[in-house]
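Morning, everyone. Let's walk through one structure together. Please look at the screen.

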Amino acid sequence: MDLFGVFEQGAQQTQFEEADVEIIEPIEEFKIIKQREDEGCVHEWYAPEDHVKLENPKRMAKNYKFNLDPFQVQAVKCLEQYESVLVAAHTSAGKTAVAEYAIAMAKRDKARVVYTSPIKALSNQKYRELQSEFGDVGLITGDVTLNQNAFCLVMTTEILRSMLYRGSEIVREVAWVIMDEVHYMRDRERGVVWEETIILLSQKVRFVFLSATIPNAGEFAEWICRVKRQPCHVVYTDYRPTPLEHFLCPAGADGLYLVVDKQGTFKEDKFKEAISKLEDGGDKRKKKSTEGSDLFKLVQLIKAKDYAPAIIFSFSKKEVEGFATAIAKQDLNSVQEAQRIEEIYKNAMNCLSEEDRQLPQITHMLPLLKKGIGIHHGGLLPIVKEIIEILFQEGLIKALFSTETFSMGVNMPSRTVVFTSVRKFDGQVFRWIQGGEYVQMSGRAGRRGIDDRGICILIFDEKMDQDVAKGMLKGNQDPLNSSFHLSYNMLLNALRIEDTDPEYIIRRSFHQFQNERQLPEMKQKYQELKERTDKIQLENEDQVQHYVDLTQQIENVNYEMREILNNPMISLPFLAIGRIVRIKSREMDWGWGIFLNFMKRKLPKNESCVMLDVIFHVKQRRKQLNDPLVPISWLEQGEIEVVPVNMDHLFDISTIKVNLPRDLKNPEEKQKVKLTFQKIIKQFGEDGIPLMHPIKDMKINDQQIDALLEKKEKLQQAYQNADFKITNQQILKFNEKEKLLTSQKILRKQIELSSKMVLSDDLKRMKRVLKRMQYLSKEDIVELKGKVACEIQACDEIMLTELLFSGLFQELSAEEICAVLTCLVHDENANDKFVIKNDKLNQLYGKITDMGKKIFQVYQDSKINIEEKEYLASYKPQMMEIALAWCQGQTFGQICKSTDQFEGSIIRCFRRLDELLKQLQEAAKVMGNRDLETQFNESSKKLKRGIVFAASLYL
Amino acid sequence: MQLEAAILEEDKQLYLPGDMISDQAGLMSGQNTYEENGRIYSSTIGTLNQTNQLVMINPIKHSYEPQIGEIIIGKVVLIKDKKWTVDIGSNSETTLHLNSTYIPEQRQKTEDDEMNMRLIFAEDDYICAEIHSINNDKSINLHTRSHKYGKLDNGKFQQVCHYLIVRQKKHFFKLENEVHVIFGHNGLLFLSNQDRTINQVDYEQNYTIQQRINIGKVSQALTFLNQHQVLISQGSIEKLVQLRDQKLSEQDCLAQLYEFLNKK
């Protein structure tokens, strides 16, 4: 049917209300038309109202060997109209087919196409895939540049961003930009790069976004439509070519329990059964020891039931290795398979030097692999990681132990996915795995065209709520929320270019867009509140207001007085055992009680407070249920309880003292106390118990007290004069109105905040920093230091620029430069007790921390909100000695022995270092210092050798 | 505000080529300096500029030295090898590659484009472009980032001393009297009635008489500023045009202009 005929008729218009408090001008105002149609998948599109669709699509740019799924058909239709599309589907659903179509179209039209992915390793794999399909493909990452004149370029998003700032022919020629894994935009650190790239690209560029099944895909598409002024389609599908079955595996018990079946129904009875099978008793240690054996049994089961290959996820590198070695007793492979593995492995390792082949990680890995067991985590050498990926794809690895990193990547499906834990450490706490994470990881299960179903097994060792389990197993992807923030590099680059400025980018950011989107809703809420407030009708409101004001004031005076009197030096002498006192805090009135004892208690930060033990009459309660204490009148039915209270809540001291019996535990004596008290109350009445007068009785000589007493008297006089005739109901009504008014005020403030430009305060502060440190002139012109900082992207640009201009690198040798720079690029957490043994390096690290302190001072003066400790801790010295040793010519084996750092971490650090050195050479050019440039070049040469820069197997 | 006078006034030391700047340890030599035996010497005539530990010499009178990101206006002198050679008044060769030019469609340049380069820019055309990069041999690559760069036509060019042009946030301006100015960092300015900041296929329009008068005024102001070596920015031009409208004498004009600029 004619899809786009519907488009004209049923056009709904999303209204953009005029803002109440208009602080910023909207970026280009135009109406967006939203349409929706479902044909085997959700298909929504957003278009500017004056958009004219293309007629007569050309012939198909690409034919597929297989029949396309409905969502793929939809997406391809959009592409043929030369319109942007966001494809949100599960990993296995076949998003790549859509991307390939866009590439084929670009090839047909002789236009360029850029494919960006979040991770270098992913780019390498994609490069290989696309090269076999299209031939003329290039690759640009921080490490390698291959065939950069190709029509199709694979690159990391960061590279595309810097091309946009610098201006490049590629940017001018690109017609299609394909962004893989675009939901990575929510990444706190790097997500902003995606937003910058999208904003800076020309409006004529069309996009293909591939993402996980994010629920707010429509919002994202609307943003694209708004900032790029072009139609953007959403093709969303929950469809999985191979359905998933979710099993629970209680730790320590036998068997698997099918909890979610192929149709996706949650079986509560099975769930309860599984929970009940869980070993009782909360002994954590015992559980740990059984975990290995659980896995052992499970792997056997997988082998027996032919569930292999399986990916087994855990959440730490140590756990991954531990589990793998625990399972290593089993052999999952046949002899032939083992032989093939050895052959492939040896072949791959031949590209390394003789020496490097003897590295423990490489020699130890082979026996494990031959048994069909693999390991995959960030600490591995890249080459080992890649060979394991290849072996896994070949089906030669039956059980792959992996960290979460494996869940993000190219098509590497498996039949079964096992989770060894239901909790994950996220840097602060061990929390439940989130639904989104579970979806991403479990999405690896089920190979298209091979398996009829994918299997997910969740091993759990603690009781789980049904809701928690449902949220996890049947959870949705988290919405894509902007993590936009400003960086100095972005500010400087944007200020430097004629056509942009930081405000331009901020206003067009997804962050701003999401913020403004809430506005209409908030405004409506505000309107409702206002109506509700107006509805409340009060008679003689003025008088009620006056009454409330007066009582409030009297109360306040009382509290002020108490504050002075409650100084232990003043009140304690009058607090003898048996003194009748009144305790009242702002939240709760405890009424009258009998003072028993006091003690001082130390609080953190050298403060102390005085606690009073007071006898109260409370409601009878059941102790085992932890009922709260509720004080009641002494005349009612209740029991006597000793309660410790803070002295700040002492409200009144009476002139009466009662004699207390010695043993208060005795019920008879308790009864006596009660009787005495009741007598007193009957004599004076509940409100008439005589009080100590601050001046007359307590003989306090304090001017403040005098003034307060006088004030109180006046207020009380006024209170009597006013002669209020007010009902309780009126007061209640009044209070309700007050409450509504305050929430109105808060909402109003929020609305104001939302309609302002986001991050405008941050922008001001950061500009202040840049101006103070001479990166910017007073007129926002980028100065020499700013131009240098523009070149640096691989680490903290301010720190490095300061170091460059301090002349530090001039005095250092090439090796030492590498060592110093590791502090800036190394970002993995390690133990705090690290000590640098080399004196020279220690001294150099000292210089970095000194510079850090200086910079922090400027940050603080400019009101930037960071902790000094946290900031300084971001410069980590752990890699310094390793880098020095490496540059001085030690072998990789030697340096690995000298440290507890993972091999993969070392390599990652060195590669980033090399990237940084390249940028530094550019920076030295800007500074006009040739010597420095050659020195950095020298460092780079020293660094670049051997296994550290061994080419990826995918290239 | 005359440059020489300014140097004297601020009491800045003038360095000649070969003058020692410093023998202090820890300093780094920057632009227009060289290092010998741990001492840093000047290689040109100029004043000292120190940023932290980096010392450089700001030359006072010199041919234009381009920096990455600057806007220039130049004249095409040669077409060769998919490149236009452009005269921007610099010592080094400046070229604009075919691939670095902007065309409305996002596509790769073809052989057809190469054959038709003269249709894009011909010899003796004036073009506006941005400095893209500087090669190791100091030769310069230009690029035209978007539609607003490119061939300039149907307006008035005005040459001034390039060092008088103030670095500003934007270099495409609309003055108070509706004259659009492009500040080329190399000292060439373009005055017209074309608003090149908006996306439009053709910028050229017919001039009204008032527009011609206004352009004349701005042009006169620029000549005046150049003659008296006053820094040229949007502010100084606008102020001077105002002052000239009041028919003040040359001396009064200068005095008031200095006052205005010092205040800023």
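**Salt bridges, contact and cysteines**

Start with Lys785(A) and Glu802(A): both are buried. Buried means under 20% relative accessible area, exposed means over 50%, and partly exposed lies in between, with a 1.4 Å probe and protein chains only.

Two notes on the source. This is a predicted model, where local features need pLDDT of at least 70, side-chain atom pairs count only at pLDDT 80 or more, and totals for chains, interfaces and linings use all residues. Residues are numbered from 1 along each chain as its sequence is written, chains are lettered from A and ligands numbered from 1 in the order in which they are written, and side-chain values use heavy atoms, leaving out hydrogens and water.

Back to our pair. Lys785(A) and Glu802(A) form a salt bridge, 3.0 Å from N to O. Lys785(A) sits in helix 28 (residues 784-790) of chain A and Glu802(A) in helix 29 (residues 797-805) of chain A, so the pair ties together parts that are 17 residues apart in sequence. Helices here are DSSP runs of H or I, at least four residues; strands are runs of E, at least two; both are numbered from the N terminus.

What counts as a salt bridge? A side-chain nitrogen of Lys or Arg must lie within 4 Å of a carboxyl oxygen of Asp or Glu. Over all chains, that rule gives 53 salt bridges.

Take another one. Arg748(A) pairs with Glu752(A), with the closest N and O atoms 3.8 Å apart. These two are four residues apart in helix 26 (residues 728-755) of chain A, about one helical turn. Arg748(A) is partly exposed, at 31% relative accessible area. Glu752(A) is partly exposed too, at 31%.

Next, Asp109(A) and Arg108(A). Their salt bridge has its closest N and O atoms 3.1 Å apart. Asp109(A) is partly exposed at 24%, whereas Arg108(A) counts as buried at 17%.

Now the two chains. How many residues does each chain give to the contact? Chain B gives 39 and chain A gives 46, where contact means heavy atoms within 4.5 Å. The buried area is about 3500 Å², and carbon and sulfur atoms give 40% of that. Buried area is the accessible area (1.4 Å probe) that two parts lose on being put together, summed over both. In chain B, Gln106(B), Gln108(B) and Lys169(B) lose the most area to chain A, together 22% of what that side buries.

Three salt bridges join chain B and chain A. Lys169(B) makes one with Asp780(A), at 3.6 Å between the closest N and O atoms. Lys169(B) and Asp780(A) also belong to a network of salt bridges with Glu503(A), Lys767(A) and Lys771(A).

Which helix is enclosed? Helix 7 (residues 191-200) of chain A has 10 of its 10 residues buried, so the rest of the structure largely encloses it. Among them are Trp194(A), Glu195(A) and Glu196(A).

Last, the cysteines. How many disulfides are there over all chains? Zero, in a search of the whole structure; a disulfide is a pair of cysteine sulfur atoms within 2.5 Å. For Cys790(A), the closest cysteine sulfur is in Cys795(A), 14 Å away, too far for a bond. Cys790(A) is buried, at 1%. Cys909(A) is in no disulfide either, and the nearest cysteine sulfur, that of Cys823(A), is 9.3 Å away. Cys909(A) is buried as well, at 3%.
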